[in-house]
Amino acid sequence: MEVIGLTGGIAAGKSAVAARLAELGAVIVDADRLAREAVAPGTPGLSAVVQRFGETVLDAEGALNRTALGAIIFGSEVDRRDLNAIVHPEVRRLYRERVEAIAASDPDAVVVYDVPLLAEARAADEFALVVVVDAPPDVRVERLVRLRGLDRAAAEARVAAQIPDAERRAMADIVIDSSGTLDATLEQVDALWERLVAQRAVGGPS
């Protein structure tokens, strides 16, 4: 089964694009959800995180305290790399299980892997098509301030911490410009879906 990779920088509008694709009939596999499952209580992933970072990253119920872990890894490339080395293999395993289950139940499904860190953690050639949701950094900063309540300095820091937009766009087969209105973005998503449906009718992505 072929899978479409969907990615974009923080506050670029990727979630809105994924939601629209789901409305249109795509099966969405959410990398963030897999990442949470990878370190759920009782999993090998959480045990490995605790072994590396200590029990202070657990809350009173024994679940991962993401705020405490974030405080440890923020600003530390070594700690971030060590965390990724634990979580990413588990996410890949869960991803394979999801795709195999979808293929078994509906071989004709259009599967979209919603993955924020595609450019950082995956290879473009793993996917039949890579779709990048793109908006300029100043637009994304403004969204973080207006919609998520971050102060401007924190919003700018989050945007700056990600890979350059040009690197993300370089992976793209399709770029969805989300810098305008939501309606304008969704029109592009609808056009993408029509293209996907047409390609499936003639035998696959081009």
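How many bridges join E1 and strand E3 (residues 111–114), and in which sense do the two strands pair? In this predicted model, E1 and E3 pair in the parallel sense, over four bridges.

Let's look at the partners one by one. Ile 4 stands opposite Val 112 in E3, and the bridge partner of Gly 5 in E3 is Tyr 113. E1 also pairs with E4, again in the parallel sense, this time over five bridges. Here Thr 7 stands opposite Val 132 in E4.

Now step back to see the whole sheet. It is an open sheet of five strands with parallel pairing, and their order is E2-E3-E1-E4-E5. At the edges are strand E2 (27–30) and strand E5 (174–177), each of which pairs on one side only. From one strand to the next, the twist averages 25°.

Is E1 largely enclosed or left open by the rest of the structure? Six of the six residues of E1 are buried, so this strand is largely enclosed by the rest of the structure. In a regular strand the side chains alternate between the two faces of the sheet. You can follow that along E1: Val 3, Gly 5 and Thr 7 point one way, while Ile 4, Leu 6 and Gly 8 point the other way.

Ala 11 has a positive phi of about 65°, although it is not a glycine. Ala 11 is also buried, because its relative accessible area is 12%, and buried means under 20%.

H1 lies across E1, E2, E3, strand E4 (129–134) and E5, and runs at about 150° to E1. Helix H2 (residues 31–38) packs on the sheet too, touching E2 and E3, and its direction makes about 45° with that of E2.

H2 has a helix partner as well. Two packed helices are described by the angle between their axes and the distance between the axes. For H2 and helix H5 (residues 77–105), the angle is about 115° and the axes are 9 Å apart. H2 passes H5 in a right-handed crossing. On the H2 side, the contact is made by Leu 34, Ala 35, Glu 37 and Ala 38; among the residues they meet in H5 are Val 87, Leu 94 and Tyr 95. The residues of this contact divide into seven nonpolar, no polar and three charged.

Finally, let's go inside. In soluble globular proteins, nonpolar side chains tend to be buried together. The largest nonpolar core here has 31 residues, and those with the most contacts inside it are Val 49, Leu 69, Tyr 95 and Tyr 113. H2, helix H3 (44–53), helix H4 (66–73), H5, E3 and E4 each give two or more residues to this core. Its largest share, eight residues, comes from H5.

Note on methods: Residues numbered from 1 in each chain as written. Predicted model: local features only at pLDDT ≥ 70, side-chain atom pairs only at ≥ 80, totals over all residues. Heavy atoms only, no water. Buried < 20%, exposed > 50% of the residue type's maximum accessible area, 1.4 Å probe, protein only. Pairing = 2+ DSSP bridges. Axes fitted to C-alpha atoms, helices over the stretch in contact; angles between N-to-C directions. Contact = heavy atoms within 4.5 Å. Left-handed = near helix turned anticlockwise from the far one by under 90°. Nonpolar A, V, L, I, M, F, W, Y, C, P; charged D, E, K, R; others polar. Core = buried A, V, L, I, M, F, W, Y, C linked by side-chain atoms within 4.5 Å.
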